[in-house]
Amino acid sequence: MAGTIKKVDIRPGVSVLAVLRHLNYRPWFALAEFVDNAVGSFVRHKEALEKIEGKDAKLRVVVDIDAASPTRISIRDNAAGIFESEFPRAFRPAAIPPDRSGLAEFGMGMKSAACWFAPRWTVRTSALGEPVARAIHFDIQDIVNDDIEELTILEKPEKAESHFTEVILEDVFHLPVGKTVAKLKEHLTDIYRGFIRDGLLELKFGDETLAYREPKILKAPKDKSGPALLWRKPIEFDFGDGLKVHGFAALRETASVSRAGFSLFRRGRVIQGTGDEGYRPAYIFGNANSYRYQRLFGELHLDGFEVSHTKDGFRWDENEQPFLELLREHLDSEELPLLKQAENYRVRATHIQLAATAKQAVNNTAQAMETRLPEVLPAVASATPVDTPVEEAPHKWTLARRKFDISFRGKTWSISVELSDDPSESQWLVMSDTPETRAEPRKLDLRVSMAHPFMVRFAQRDTEDVEALLRVAAAIALAEVLARDSGVRMAGTVRRNVNDILRDALSEP
């Protein structure tokens, strides 16, 4: 059946359509623009939709990606559709909607995302209560080159109770494939978790329904002898001027470098902090090696704050630091100090986890010893015994150093602990033991080389790995000094042998 042809005015500013493909979108935020429109339509017309679909009416959005040439993405929903009265605004660039209280507030979402994805795209829609289906086609190059100011709307008869919108993107610039598809699913699930959780939205990728899995929250005592507590607390504070924050913060039962962090919501939708990109400002989370960084998470709803036009971040103005200061104060309030607990809590691995780790460690170490020791041990064993140096070795390429005093057996010891990055240093642990004088206390200096092949292989980025090996080095140095004080001759031989074995036998796979 031939359809009726109408026109829609897309002035002014059609030339802007050509530059939208260069926006700094990420694919999940671009796809989210279409879902936003569907959610907004469903919420606005929920009562009317329930009269047709029943009280259990649910919004369904289906994303299909076709990688076969010509590439294609379609996004279809069963919301109320685009009404004839909305067409002039819906397809004109930067036409701000009259109601900006929902998810569609800038008048650019569908246009900017569609133009970012593809040079040609089509919208098919049937509005609830209008006995017609409409289709409109955008070819950006033709529109810009020919300065087209009106587009054709093709109308065909449709049942009045029919309601849907489908956006079809053709010859896609940014086609999600491989791991990007998995990331898309993860991020979109996070963005719309609130609507999914409330049963309002069913979001599908092809035949797969996306479902949000709640992280398990840590249950543990505040101290070793106390009762087990659920480490979750409500967060709520008011900036004034209509700026408010509410939600919760908690600690993950299982630490995760990729999945910890806050998700920041606005109007029920996550704006910032999805997938492996949780909102983790250093002021609260510290560096990536901290336990806070791996355990702290939560959902915070920000009311009254503005967002970027791509809805992938907040426009903080001067409010982010005050926000962080208030948040940190709430997080570590004494009744349930999340930050302190995150830093101090340690989980002992299960027997199965320990067994797997132990098996791998034993196999790797034994293999290195079996391969390298027959060659290394003869030279180490025949080397001349050495004593502990009494003069401090020159300091070069110091990364970090700390000096402190202790009292032992009525004497003062001045101890220096240092990590260096001197590429010419062949020893893992260098130390000296300078006797006390009338003017100076006994001086013990120990230095571990981060440039040593053993440290390069096993301890470079993780603070705990570096700290663990530095503590072992300190124990070896102190044991050598105490052995020397007990009358052991040439006590430095053990440390010298450790250095040689680490370098020549145990630094390689």
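Strand E20 (411-420), strand E21 (429-434) and strand E22 (442-449) each supply at least two residues of the lining of the largest cavity; helices (H or I, at least four residues) and strands (E, at least two) are DSSP runs, numbered from the N terminus. The model is a predicted one, in which local features need pLDDT of at least 70, side-chain atom pairs count only at pLDDT 80 or more, and totals for chains, interfaces and linings use all residues. Residues are numbered from 1 along each chain as its sequence is written, and side-chain values use heavy atoms, with hydrogens and water left out.

**Cavities**
- The structure holds two cavities of 30 Å³ or more, and the largest has a volume of about 60 Å³.
- On a 1 Å grid over the protein atoms alone, a cavity is a set of points where a 1.4 Å probe fits but cannot get out, a pocket is an open set with protein on both sides within 12 Å along at least five of seven lines, and lining residues have an atom within 4 Å of a point.
- Grid points are joined across faces, edges and corners, and a volume is the space filled by probe spheres set on the points.
- Among the residues that line the largest cavity are Glu392, His395, Arg401, Glu418, Met431 and Asp445.
- This lining divides into four nonpolar, three polar and five charged residues; Ala, Val, Leu, Ile, Met, Phe, Trp, Tyr, Cys and Pro count as nonpolar, Asp, Glu, Lys and Arg as charged, and the others, Gly among them, as polar.

**Second largest pocket**
- The second largest pocket has a volume of about 420 Å³.
- Of its 18 lining residues, Glu186, Asp190, Tyr212, Arg213 and Arg259 are the closest to its centre.
- Helix H6 (179-191) and strand E9 (208-209) are the elements that give two or more residues to this lining, and H6 gives the most, with four.
- The lining of this pocket comprises four nonpolar, four polar and 10 charged residues.

**Thr493**
- Thr493 lies in helix H15 (residues 492-504) and counts as buried because its relative accessibility is 14%; buried means under 20% relative accessible area, exposed over 50% and partly exposed in between (1.4 Å probe, protein chains only).
- A polar atom of the Thr493 side chain lies 2.9 Å from the backbone nitrogen of Val386, and one lies 2.9 Å from the backbone oxygen of Met490.

Terms used:
A polar contact is a pair of N or O atoms within 3.5 Å; within protein, one must be able to donate a hydrogen and the other to accept it, and residues adjacent in sequence count only if both atoms are side-chain atoms.
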